[in-house]
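Please keep the sequence and the structure in view while reading.

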Amino acid sequence: MPYLDWPLALATLGLIGIGLLTVYSATSVPGAHQGLWMRQLAWCAIAFGAAWVVAAFHYRLFDTLAWPLYGVSLLLLVAVLAIGTTKLGAKRWIELGPLQFQPSEIAKIATTFVLARFFDHARLNLDRVRFWLPPLFIAMVPFALVAKEPDLGTGLSFPVMLVAMYFWAGMPPGRLLLGLSPVFNVALFFVTGTIWWFVGLFVALLAFARPRLSLLLVMLALNGAVAYELPHLWNHLHDYQKRRIETFINPDNDPYGAGYQIIQSKIAIGSGGVMGKGYLKGSQKALAFLPMRHTDFIYSVVGEELGFLGALIVVLLYGVVIVRGYRLAAVARDGFAGLMVVGVVTALFFTILVNMLMTVGWAPVTGVPLPFLSYGGTALVVNCLQIGLLQNVALRRREY
Amino acid sequence: MLAGLALAGFVLVLLGLLRLQVVQHDELQRLAEQNRIRLDVLRAPRGAIRDRLGRLLADNQPSFDVVFRPMPAESITRARTVVRSDWIQRVAALVEDDTLGVRRRVAEANRTGQTAVLRRNAPYAVMAAVEEMRPDLPGIDVAVAPIRRYPEGTMAAQLLGYAGEINDQELDQRQAAGYRMGDLIGKTGVERKYEEVLRGQDGAEFVVVNAMGKRVSTLREGPPRLPVAGHDVTLTLDLDVQRAMDQAMAGIERGGAVAIDPRDGSILAMVSKPAFDPNEFSRGISFARWQELSAAGGNPLLNRAIQSAYPPGSTFKVVTMLTGLRYGVVRPESHEPVACSGGYVFGGRRFACWDKRGHGSIDLLTALQFSCDVYFYQLGLAVGLDHLQSTARALGLGERTGIDLPAETRGLVPDDAYYDRHFKSGHWPRGVLLNLGIGQGELLASPLQLALMAAVVGNGGHPIRPHVVRSIQGVPEYHVDKPLEPGVETDPGIWDAVHEAMRRVVEAGTATSVRLPGLAVAGKTGTAQNPHGKDHALFICYAPADHPTIAIAMVAENSGHGGSVCAPLVAQVLRRVFMGDTLSAAPHGARPDSLAADTTGADVD
């Protein structure tokens, strides 16, 4: 297979290998999770098979099937809200006999297909409302459904993916940033407590983007409305309503759930130092101080046992996956393939970043697993499917 | 460009790693070795509940709990060798729980680092035993936490509801809202409906502990988060009215009653019998006691005032009368074609009047005054189903009233669609109308709906929204929602006729036991046929008759005629409310059967 992207394949295999070893270590303590690494190994076989199948079909098949797949995944997202299994206060799972899966993962891929298909047809004309507006809806419907589960961590990958694909489809960065300005507006208001930071940023943005008068006026009105209403709305809410919103944005905001996990994660990573305590020798992990150590917080076990060097190797491998991925987008044969690759890689990158920043204490605890490393069968299969899609494009990049 | 952004993200991760693993390494290393960190929850006090004059109905008191505190790391290993293998059994025996429950709570505590409550509100003997055995049982400790106190005991118990420890199912559903094992949560009544307002927010602090689990200092990183107290809630309830009604109904085994202000829908009192003591629940209740309460003894947890639906019986004749007048079918002085001879023949079947002797040929006002069935059979037939059911709904029957309490019943007012479902479509017998006209048949209404009906009739058809919360501390613009029932807008003359007829029921009709000196009362008695046993007694009224400030509905299950059972009890309530009478004759209420003998006037339906 001369056209397989070997660095991408090897980096993925390396990550899965490290994942298996770490799951083995994290579950080596006597307890309920002992021996889970064997199940993860079995899932690996399935995941490789799935990736192989996905790489074998021509990606134009996904172009053709994009809308039906998207429809099915939306139905699944509605179904999960109705009949899903509640775990840790959120409905994210559908149970099929012994199997459980998260429809949000499938929706991510299907949404990528539809967005890629749409942008592929619309890319030359992003000035016009009927070309730039529909993608917003395509991404926001699954986002809203996933956020309602609630799973904001996963849900946010939809808008993030969308922004990257707008960019790849040819939307000028200035205009893209201007379009995002209401988001910055809200975020800056909550971080700084005044609107003046945003006003400064907005002026700079205008100077950079130099929009047409109509766009300028629309954005000015939009941001004006946000800036005027936001403090009003917020101050109008009662304490318990504010608390509810805070809980929605940051589901585990309470200090004695997630706060405990974060502190234990930081202690585990920090005590690992540069060289680590050695494989299988982590004490925090062994004493069960680190909750969810084989799933969401697996990177903390890497940090504790393998130290900064081990954690660095993992980051480098992820770097290879992501950078090779984006490079593939540039060499892809056609518009659909390039857009699809950008969507897939961005979603993957966002998940990786959110999880890693969470374990070092710089992002909220949102229940997002670490791709390829965390224990969990369906997540592994889906992540390998994503790699399979990338390889699919790689295999056909010289096709004429 | 995208790849560049991605690299920037990864650099951020590396910076995070460097901060922890190089800059803060020594400090975190030390914490890891001694570990260490325990999380102490600072409990937020739950908001108090008061009556409309600020008299306390629910607040908090300290409870002494037996708890398990997760142990510091190195002492777990040490403890494994020291602790005797029968730790679980001994702890379970101490807190009088099974080993499975203790094991589960301890495991959860170890997983989350939180303290687990093993026995809430432990009695003194258990506390003493814990103190004695503590050196032998590492991890076991005594902690103080607030629990709920209901100073009035069984008074308005179903309306207030109770707050108890969160169960697994609730925890699963509400974890996202920040609930934790061991939290208090409102289970029923106001405690449940206003849970979000009452709850407040627990605080927490991370403390560094030594090998024995003793607190050494608070953690520098992550300053304590202070608890935020819940909001106090003031009810529309008037403890005086509530107490009067409670005592009047002391002899009723099963039943419900509601007093409402016809001017604004404020609930003044709500009684459901049998009652329970919510304090039992906040102390923690045994499974056997729970079963005893929920199954046997007539299910005291059920709020009969809003959750049980009864046939309204003759109280519904007020609706039939109003329907006839408002749609021009009858006039106050109208006589029906067939005079009452103790019964009425329709479709080859004889429908009896409650008074076998018959009422003769009477007008509408007199028919209501003496509750003549034969008159209302014919009126029911004449007004028809559509008009009858729409008037009933306009007065708040057949739909939820929208009261701010959980699990309200809709009751039942049958309409065309209902009968089409139950009979062959379009072929239901007109005989059902006879029964509806006198409030029998499929009709069902809760005491709350009956009180609302009496109130809306009393205030001249203005819709009101029944509600129990008057204000919430810290919520200045709290307001009551709009009424759900449309009310009845019609000619004032029609209202005068209805009001006059209900006045006569009390003055010289079926409810003369409610005749009070100096207070004009308008009312209507009722008896609901009960296929499962003795009839239910009902009474509705409002007073003072010209400008009502209170409307009452009372239902006593399986106790006979409304005029003989409920009316005298309602009279006691009114005497107490309007005349400050202290029920000297019967401090714990009067038995209905003894009262029946005293009743002057007709002891009839």
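Helix α5 (residues 129-147) of chain A has 19 residues, which at 1.5 Å a residue should span 27 Å; its end C-alpha atoms are 26 Å apart, so the two values agree. The model is a predicted one.

**Helix α5 of chain A**

- The buried residues of α5(A) are A:Pro135, A:Ile138, A:Ala139, A:Pro142, A:Phe143, A:Leu145 and A:Val146.
- An α-helix has 3.6 residues a turn, so residues three or four places apart point the same way.
- The elements that cover the buried residues of α5(A) include α3 (60-83), α4 (103-122), α6 (152-155) and α7 of chain A.

**Packing of α7 against α15 in chain A**

- Two packed helices are described by the angle between their axes and the distance between the axes.
- For helix α7 (residues 157-168) and helix α15 (residues 335-359) of chain A, the packing angle is about 140° and the axes are 9 Å apart.
- The crossing in which α7(A) passes α15(A) is right-handed.
- On the α7(A) side, the residues that meet α15(A) are A:Ser157, A:Val160, A:Met161, A:Ala164, A:Met165 and A:Trp168.
- On the α15(A) side, they meet A:Gly338, A:Leu339, A:Val342, A:Gly343, A:Thr346, A:Ala347, A:Phe350 and A:Thr351.
- By class, this contact between α7(A) and α15(A) has 9 nonpolar residues, 5 polar residues and no charged residues.

**Helix α8 of chain A**

- Helix α8 (residues 173-192) of chain A bends by about 45° at A:Leu180.
- Buried in α8(A) are A:Arg175, A:Leu178, A:Gly179, A:Ser181, A:Asn185 and A:Leu188.
- After α8(A) comes A:Gly193, which has a positive phi, near 85°.

**Chain B as a whole**

- Chain B contains 23 helices and 18 strands.
- Chain B has 605 residues, and 48% of them count as buried.
- Among the contacts in chain B with a separation of 6 or more, 74% are between residues 24 or more positions apart.

**One residue of chain B**

- B:Met579 is part of helix α22 (residues 562-579) of chain B.
- Is B:Met579 buried or exposed? B:Met579 counts as exposed because it has 12 C-beta neighbours inside 10 Å, and a residue with 12 or fewer is classed that way.
- B:Met579 and B:Leu516 are 63 residues apart along the chain, and their C-alpha atoms are separated by 9.8 Å.

Definitions and conventions: Residues are numbered from 1 along each chain as its sequence is written. Chains are lettered from A and ligands numbered from 1 in the order in which they are written. This is a predicted model: local features need pLDDT of at least 70, side-chain atom pairs count only at pLDDT 80 or more; totals for chains, interfaces and linings use all residues. Axes are lines fitted to C-alpha atoms, for helices over the stretch in contact, and angles run from 0 to 180 degrees between N-to-C directions. Helices (H or I, at least four residues) and strands (E, at least two) are DSSP runs, numbered from the N terminus. A crossing is left-handed if the near helix is turned anticlockwise from the far one by less than a right angle, and right-handed if clockwise. Two residues are in contact if their C-beta atoms, placed from the backbone, lie within 7 Å. Ala, Val, Leu, Ile, Met, Phe, Trp, Tyr, Cys and Pro count as nonpolar, Asp, Glu, Lys and Arg as charged, and the others, Gly among them, as polar. The expected span of a helix is 1.5 Å times one less than its number of residues. A residue is buried if 20 or more other C-beta atoms lie within 10 Å of its own, exposed if 12 or fewer, and partly exposed in between; C-beta atoms are placed from the backbone. The bend at a residue is the angle between axes fitted to the seven residues ending there and the seven starting there.
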